[in-house]
Amino acid sequence: MAEERDNRNLSFIQETVKQKRFYQSRVVQRFAWSAASGVIFALAALVVWFVAAPYLSMQAEQPEVQPVTLPELEEQPEETAEESTVYITEQVSIELEDYKRMYQQLLQIGGQAEKSLVNVLAVTTDTDWFDETYTSQSSVSGVLIEDNGMELLILTSYEKVEGSESLQVTFYDHSTAWAVLKKYDKNTGLAVLSVNLSDISESTREVIVYADIGSSRNVRSGEPVIAVGSPGGCYGSVLYGNLTSVSQTAALYDGSYHILTTDMGKARSGSGVLLSWSGKIIGLIQDRYEVTGQNGTIQAYGISDIMEVIEHLSNSQDIVYMGITGADVTTAVSEAEGIPIGVYVSDVAISSPAMEAGIQPGDIITSISGQNVTNLKDVTTILMKCSNGQNIQVVCQRLNKTVYQELEMSVELKILE
């Protein structure tokens, strides 16, 4: 019995010890796990490469956007010497053939300029009183400004393309492409559209030219001009006439812009540009502002005054506003009226940054963010360098009974919507 009991106690020694299978080895398992991780990583990298490679290739081939810089206009100095009177004593007869040749030359000038113009067809969908959907179309002329390496940039009227669902551009050779609204300025009513260069055929690129911009500060009343684009209300119309005034201005927010008036009749939906007889663009036909006494005639922004606006819009830069209208207080006015030199605020737009900051009609702005202000041009120049949401410090002189009191206000700029 004792022997049997001893055998039972030592029975575990008689159990057979089985060796582990090779795949249960801790070393083998670690090796297998490392190999599996490597395979998974390799597969993931391969998938990422196949997915990302086409995108990276496309990005590498895609040209960079180049900033648009418009050429500075050469302004001719005003002549100070008295012009000698010229007396014509020889009689010159003009035949019908002379008129014919003159108009043929004018047609050539207008035809060359039309290569830098496009017709923009704006399509808008709306609903009527019966909640039925209808589609409306309108057209407006546009000017080929420049390209940035990726897009062709077109200057046009914002009101004519605002809210459009699609914009189709027709070039000089009658080819078409789709455009999108790139940037706009509601103050001047100007907008820049963009067309992908890849959507324009090589044959069209060889035909079109960019706008040949002149100076509107060198022109004088009485000079002959040509209106091209859609001055007669339909694209491709051409009108001839003369400038009747070059000194009128449109008082817009935070600045003023010269308006060129003509003796040419204005169509209800006219648009386009004014050309000098040298073929250079000197004005952009507009209908936002009408000079008193010149009703019903073609009027245009002087191109020199809106160059900075065009460049900002072409580079997708915001154009901010304060919301004041005013007049320059020159040295002569200051001495005669006994008021500070600066910009007299005649009105402040409702809910504008200027009104929210506390600027009032009658205030005289003398400096903005440490820069002296002597005229509206100074205000425009300073604001062009500012961005949306930026705070500027505006120093005003406000009449308090008989004495002007200096006030400083913080104005948070925003985009006019």
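This is a predicted model: local features need pLDDT of at least 70, side-chain atom pairs count only at pLDDT 80 or more; totals for chains, interfaces and linings use all residues.
Residues are numbered from 1 along each chain as its sequence is written, and side-chain values use heavy atoms, with hydrogens and water left out. Local features need pLDDT of at least 70, side-chain atom pairs count only at pLDDT 80 or more, and totals for chains, interfaces and linings use all residues.

**Exercise 1.** Determine which residues of the largest nonpolar core touch the most other members.

*Solution.* Step 1: a nonpolar core is a set of buried Ala, Val, Leu, Ile, Met, Phe, Trp, Tyr and Cys residues joined through side-chain atoms within 4.5 Å. Buried means under 20% relative accessible area, exposed over 50%, and partly exposed in between (1.4 Å probe, protein chains only).

Step 1: the largest such core has 32 residues, and V143, L155, L190, V273 and I306 touch the most other members.

**Exercise 2.** Classify the aromatic pair of Y253 and Y321 and state whether each residue is buried or partly exposed.

*Solution.* Step 1: rings of Phe, Tyr and Trp (its six-membered ring) pair if their centres lie within 6.5 Å; planes under 30 degrees apart count as stacked, over 60 as edge-to-face and the rest as tilted.

Step 1: the search of the whole structure finds 4 aromatic pairs. In the pair of Y253 and Y321, the centres are 5.8 Å apart and the planes are at 35 degrees, and the pair is tilted.

Step 2: Y253 is partly exposed because its relative accessibility is 29%, whereas Y321, at 7%, counts as buried.

**Exercise 3.** Classify the aromatic pair of Y257 and Y301.

*Solution.* Step 1: the centres lie 6.2 Å apart with 70 degrees between the planes, and the pair is edge-to-face.

Step 1: Y257 is buried, with a relative accessible area of 6%; Y301 is also buried, at 1%.
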